[in-house]
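Please look over the chain shown below. The paragraphs after it move from the overall layout to single side-chain pairs.

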Amino acid sequence: MIDLTPLDVRKKKGDFRRAVRGYDHELVDDFLDIVAELLEELVKQNEALVTAQQLRTEAQAQADREADLVRREAQSQAERIVEEGQRSLRELARQIETLQTRKAQFVRAFRTLLERYYSELELEEERREESRPAVAPPPMPSEPPPEVPEEKIENSSSDWLSSLVAEREQEEAT
């Protein structure tokens, strides 16, 4: 095919021979055929460009729809993951609360047990004092026994239990 520009059309005017009644019809018709073919080709190319533009627009719209679908699915999955995490967090909080309640119950029961043992110990000490003879036997001359005042024994066991109970109360407070 011949490339045709506006300048070519202008130059072609001088190439037509003059006839009695004007330009030679065959040459003009041939030239018009060439112009028509080139214009037809241009129209086809323009239609192809329009079709390509439409296809691109449709493809872009399809890609946008798919991207929106993927985004919504990802958002839905993220919401499910967050919800599951919150559910797990609530379950762990419930378990921690249960464990703290059980610990407090254990500490109370242990304190009660220690207090009961302490009471029994005091009763046993009272019974021992009541059943002790009024006069202590004389010490053996070969080995004198070490003398530990009774008050010191009572105070040390009492101090020990008191400190144990105080430690438990302090642990429970924290």
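Helices (H or I, at least four residues) and strands (E, at least two) are DSSP runs, numbered from the N terminus. The model is predicted: local features need pLDDT of at least 70, side-chain atom pairs count only at pLDDT 80 or more, and totals for chains, interfaces and linings use all residues. Residues are numbered from 1 along each chain as its sequence is written, and side-chain values use heavy atoms, with hydrogens and water left out.

Start with the layout. The chain has three helices and two strands. Along the sequence they follow the pattern α-β-β-α-α. Confidence comes next. pLDDT is the predictor's confidence in each residue, from 0 to 100. The chain average is 81, and 72% of the residues score at least 70. Where pLDDT is low, the predicted coordinates should not be read in detail.

Helix 2 covers residues 25–131.

How much of the chain is buried? Buried means under 20% relative accessible area, exposed over 50%, and partly exposed in between (1.4 Å probe, protein chains only). Buried residues make up 7% of the 174 residues. In helix 2 they are F31, V35, L38, V107, R111, L114 and E125. The accessible surface of the chain comes to about 15,500 Å², and 56% of it belongs to carbon and sulfur atoms. These areas come from the Shrake-Rupley method with a 1.4 Å probe; for residues, only the protein chains shown count as cover.

Contact means heavy atoms within 4.5 Å. Of the contacts with a separation of 6 or more, 66% join residues 24 or more positions apart. R111 gives a local view. R111 lies in helix 2. R111 counts as buried because its relative accessibility is 15%. Beyond its neighbours within four places in sequence, R111 is in contact with V165, R168, E169 and E172.

Now the charged pairs. Side chains of opposite charge can pair when their charged atoms come close. A salt bridge is a side-chain nitrogen of Lys or Arg within 4 Å of a carboxyl oxygen of Asp or Glu. The structure holds five. One joins R71 and D68, at 2.1 Å from N to O. These two are three residues apart in helix 2, so about one helical turn separates them. R71 is partly exposed at 47%, and D68 is partly exposed at 26%. D68, R71 and R72 are linked in a network of salt bridges.

R94 pairs with E91, with the closest N and O atoms 2.4 Å apart. R127 pairs with E124, where that distance is 3.2 Å. R127 and E124 are three residues apart in helix 2, so about one helical turn lies between them. An α-helix has 3.6 residues a turn, so residues three or four places apart point the same way.

Last, the rings. Rings of Phe, Tyr and Trp (its six-membered ring) pair if their centres lie within 6.5 Å; planes under 30 degrees apart count as stacked, over 60 as edge-to-face and the rest as tilted. The structure holds one aromatic pair. F106 and F110 form it, stacked, 5.9 Å centre to centre with 10° between the planes. Both lie in helix 2, four residues apart. F106 is exposed at 51%, while F110 is partly exposed at 24%.
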